[in-house]
Amino acid sequence: MKSTHEITDISTEAKADEIVQSYTSEGCVAVKEQQLNGKWTVRAECPPTEV
Amino acid sequence: MKFLIFLMISMFFSPACSTVIKGAPDSPVNVTDELASTAFAFEKAAIDEYLSATGSDKQILRNDIVHARIRAYDIKYSEFEADLFSFGIGTGVGTDWATLAISGLTAVTGGASTKAALGAANTAIIGAKGALDKRLLLEKTTPAVMAEMVNQRTRVLLDLKQGLSQDVSDYGLFQAFADLERYRRAGTLSGGLVGIVISAGQETKTNEDKISNIVSGTYLKDEASAKLIRFWKPGGASINSSNENAIKTWMKNNNLTVGAGAITNFIYTAEFSDLRVKAVSDLKL
């Protein structure tokens, strides 16, 4: 099963972009979205996780 | 006047006056005759004949008995389905119109005694309507239950059809009877409700599995993060594979998952800040 990851409370959009890029480099599909408080969340869906 | 009011109320509830919407057209076949033609499949003689038969005759008998029973259950199910639909729709519509009509008459009819009689009649009907509204939940949920009944019947019917394509040594008559009982029960309200409960339980478990698979963290990029990023991506963009393997090995050795997304979580979340310091130290970054 694919795994879903999210990192919340990112202070700026530029930092959110950096995390999107980081997830993408790991083979995940990542998107950013702005929270109601103005901070950002990045969500990523990644291939099945090894343990 | 009271007699007139009684007559009007009776008319509203009479089959000739109330609008009863049927859920399905009448069947063109004589279902009574057709049901009677399936009766042999429920006789002991048919089972005895099957038991004493051999070879292809046995298979033909099995299939005839099972198909006849399926048809009998289908006929009974269709009647049940039509009853469920016509009961809810017909009664509700008749009562609504009667209430509206008498409310109107109460407002425009002259004498005080007449108004009182009409008002009392209206109250009685509204009371009856209130009782009927208690069935609202059943009426509104019936379509969902019926959809589940159809779903389950189709599933069991597929099992039966697959069974009948097999040899009697692999799928005997009594095994088919067990599936036929499942088929009959699938066409009941309790069977439909049980199916919905099971489906809801399975969906809940699937959703719980998905939720438990979500890895969530709060953003924190510290000095250790920066060192790990430089080690993982020395040029800033491309991953250094051997360094990545070193990070993953360290993560594995420290009981962390190492699947896709794990390094990003490790580097950028507050939850791993202490472990990052240890990783930087252990990896001598």
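Tutor: We take the helix pair and then the contact between the chains.
Tutor: This is a predicted model, in which local features need pLDDT of at least 70, side-chain atom pairs count only at pLDDT 80 or more, and totals for chains, interfaces and linings use all residues. Residues are numbered from 1 along each chain as its sequence is written, with chains lettered from A and ligands numbered from 1 in the order in which they are written.

Student: Why are α9(B) and α10(B) called oblique to each other?
Tutor: The axes of α9 (residues 223–232) and α10 (residues 241–253) of chain B come within 8 Å and cross at roughly 135°. Axes are lines fitted to C-alpha atoms, for helices over the stretch in contact, and angles run from 0 to 180 degrees between N-to-C directions. Under 35 degrees counts as roughly parallel, over 145 as roughly antiparallel, 65 to 115 as roughly perpendicular and the rest as oblique. The two helices are therefore oblique.

Student: Which residues of α9(B) and α10(B) meet?
Tutor: B:Leu228, B:Phe231 and B:Trp232 of α9(B) meet B:Asn243, B:Glu244 and B:Ile247 of α10(B); contact requires C-beta atoms, placed from the backbone, within 7 Å.

Student: How many residues of chain A are in contact with chain B?
Tutor: On chain A there are 23, in contact with 18 residues of chain B. β1(A) gives the largest share of the chain A side, 8 residues.

Student: What makes β1(A) and β1(B) a pair of strands?
Tutor: Pairing needs at least two bridges found by DSSP. Here 5 bridges join β1(A) to β1 (residues 214–218) of chain B, and the strands run parallel. They therefore pair. A:Glu6 stands opposite B:Ser216.

How values were computed: Helices (H or I, at least four residues) and strands (E, at least two) are DSSP runs, numbered from the N terminus. Two residues are in contact if their C-beta atoms, placed from the backbone, lie within 7 Å.
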